[in-house]
Amino acid sequence: MELIKFSALFAVTALSEILGCYLPWLVLKQDKSPWLWLPAIGFLVLFAWLLTLHPSAAGRTYAAYGGMYITVALLWLYWVEGINLTRWDIAGAGLALAGMAVIMLQPKI
């Protein structure tokens, strides 16, 4: 159950980071409204705050978060950008999630 809780929080954190970076990308690369900077800033603030909700040390949290970020970024690639994932993408996401689980579920000493 603990892994599900960590994973869900990491997924929301990753989505916040991706939105916080994707919205400025739309402004700078696709000439979308500069007003997108405002929600982008909000998402990046939310991202930083969400990282503080994890009970582990900051460095360990950031390391484990990377596994979920990789997975959410690949899902974004598929759902938002419409690019099919390769078996290599899927294998990499699986390895990244396994690494996240190893880091977050290590025995408490």
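1. W25 is partly exposed in this predicted model, because its relative accessible area is 37%. That value falls between the 20% limit for buried and the 50% limit for exposed.

2. What does W25 pair with? Its ring partner is Y22. The two ring centres lie 5.6 Å apart and the planes meet at 15 degrees, so this pair is stacked. Stacked requires planes under 30 degrees apart. Both residues sit in helix α1, three residues apart, which is about one turn of the helix.

3. Take F10 and Y65 as another case. Their centres are 5.9 Å apart with planes at 50 degrees, so the pair is tilted. An angle over 60 would have counted as edge-to-face. This pair links distant parts of the chain: F10 belongs to helix α1 (residues 2–30), Y65 to helix α3, and 55 residues separate them. Are these two residues buried or exposed? Both F10 and Y65 are buried.

4. Which residues do ring pairs join into a cluster? They are F10, F47, Y65 and Y69. The tilted F10 and Y65 pair described above has both its residues in this cluster.

5. Helix α1 has 29 residues. From first C-alpha to last it reaches 40 Å, close to the 42 Å expected at 1.5 Å a residue. Just after α1 comes D31, with a positive phi of about 55 degrees.

6. Helix α3 has 22 residues and spans 30 Å between its first and last C-alpha, close to the expected 32 Å. Where does α3 bend? The bend is at G66, by about 25 degrees.

7. Now the burial in α3. The buried residues are T61, A64, Y65, G67, M68, T71, V72, L74, W76 and L77. What covers them? The cover includes α1, α2 and α4 (87–104). Y65, already noted for its ring pair with F10, is one of these buried residues.

8. A word on confidence. The protein chain averages a pLDDT of 93, and 100% of the residues score at least 70. Which helix has the lowest confidence? That is α3 (residues 58–79), at a mean of 93. Confidence is highest in α2 (residues 37–51), at 96.

Key. Residues numbered from 1 in each chain as written. Predicted model: local features only at pLDDT ≥ 70, side-chain atom pairs only at ≥ 80, totals over all residues. Heavy atoms only, no water. pLDDT = per-residue confidence, 0-100. Helix = DSSP H or I, 4+ residues; strand = E, 2+ residues; numbered from the N terminus. Phe/Tyr/Trp six-rings, centres within 6.5 Å; stacked < 30°, edge-to-face > 60°. Buried < 20%, exposed > 50% of the residue type's maximum accessible area, 1.4 Å probe, protein only. Expected span 1.5 Å × (residues − 1). Bend = angle between axes of the 7 residues up to and from the residue. Contact = heavy atoms within 4.5 Å.
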